[in-house]
Amino acid sequence: MKEEKKITGDDYLLELVAFLATSARGCIDEPPSYGPFRLIDGLSRLIDLPKYATCLKDDDFLHKIKAQIEDKKFSVMFDEREFQDMLDSVVLQVTKELKRRSL
Amino acid sequence: MLDTLEAIRTRRTIRKFKSEPVPDDTVEKILEAGRWAPTGSNLQPWKFVVVKNRAILDMIRKISPGYLGATPMAIVICSDKATAYAKGGKLGRDYLTIADCMMAAENMLLAAHALSLGACPVKSFSTPALKEILELPDGIEPELILMVGYPDETPTDPPKHPLEKIAFLDKYGKVWSTSKGGKKP
């Protein structure tokens, strides 16, 4: 069996670039709610960067955030309130973590 | 094999797939289901590109924000705009190509479900990027990607509008009343 190509930090960065560029273009024509969906999905993908860019440190807090995003992100399609609550919760947790790390 | 109405009622969009490959004879049954879809003026404006190559699938995933998750294969449903225009004029090129491709897509989604596969239709992709990756000639436009594989999740039923809200008798606004609303077919 052919060995899977190892994904490097550079590969993953380019993947994020492709995702963000195609999302930006797509958002011009897509439903308005897809904008926040792409952003939060992009955030979830960004949290995986340390897996491939070994100069970055894995962050337990960010993984917790990612798990919450993955759990609720598809609610954008059938429960706007739940999606919005998840975004509010992520923002609040990130703010508290910012405070904790800054002060 | 599922009964048609049961297949329609129980099909769900699947976004988590096993890595297990889909046998070619199974893929061919899905393609056949698409081939037999209704088509205006018998235009048959569809072209189906089956993608199994891992590197190509990865590229498609990367330029498709709506391609969430990984699948062992995908089917890209394309429309042949040039041929549709020659035979069907503007209506053929601008409307029937899309309507026909979507009817083919639904046939294929139901066939996949009946064959114990899962699938997810994806419209959020970059058209120029996909054309570049698949080397689609001028006049052939990608309309929809079907992510296909063996399901690794069992989604719950999404909320659906009751028939009272969407079905009418004789004229718009006169509510279709014999149904119980969300009755299963």
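**Figure 1. B:Glu135, an exposed residue in a loop of a predicted model.** With 8 C-beta neighbours inside 10 Å, B:Glu135 counts as exposed. You can find B:Glu135 in the loop between α5 and β4 of chain B. Its phi is positive, about 55 degrees, although B:Glu135 is not a glycine. Most residues other than glycine have a negative phi. This is a predicted model, in which local features need pLDDT of at least 70 and side-chain atom pairs count only at pLDDT 80 or more, while totals for chains, interfaces and linings use all residues. Residues are numbered from 1 along each chain as its sequence is written, and chains are lettered from A and ligands numbered from 1 in the order in which they are written.

**Figure 2. B:Ser116, in the loop between α4 and β3 of chain B.** Phi of B:Ser116 is also positive, near 65 degrees, in a residue other than glycine. B:Ser116 is exposed, with 11 other C-beta atoms within 10 Å.

**Figure 3. The largest nonpolar core, with 34 residues.** A nonpolar core is a set of buried Ala, Val, Leu, Ile, Met, Phe, Trp, Tyr and Cys residues joined through C-beta atoms within 7 Å. Look for B:Ile77, B:Ile145, B:Leu146 and B:Val148, the residues with the most contacts inside this core. In chain B, α2 (24-35), β2 (73-80), α4 (81-114), β3 (118-122), α5 (127-134) and β4 (140-149) each supply at least two of its residues. The most come from α4(B), which gives seven. Helices (H or I, at least four residues) and strands (E, at least two) are DSSP runs, numbered from the N terminus. In soluble globular proteins, nonpolar side chains tend to be buried together.

**Figure 4. B:Leu146 and its contacts.** Which residues does B:Leu146 touch, leaving aside its neighbours within four places in sequence? B:Leu146 is in contact with B:Ala74, B:Ile75, B:Ile77, B:Ala105, B:Met108, B:Leu109, B:Ala119 and B:Pro121. Two residues are in contact if their C-beta atoms, placed from the backbone, lie within 7 Å.

**Figure 5. Where chain B meets chain A.** Nine residues of chain B are in contact with 10 residues of chain A. On the chain B side, five are nonpolar, three polar and one charged. Ala, Val, Leu, Ile, Met, Phe, Trp, Tyr, Cys and Pro count as nonpolar, Asp, Glu, Lys and Arg as charged, and the others, Gly among them, as polar.

Terms used. A residue is buried if 20 or more other C-beta atoms lie within 10 Å of its own, exposed if 12 or fewer, and partly exposed in between; C-beta atoms are placed from the backbone.
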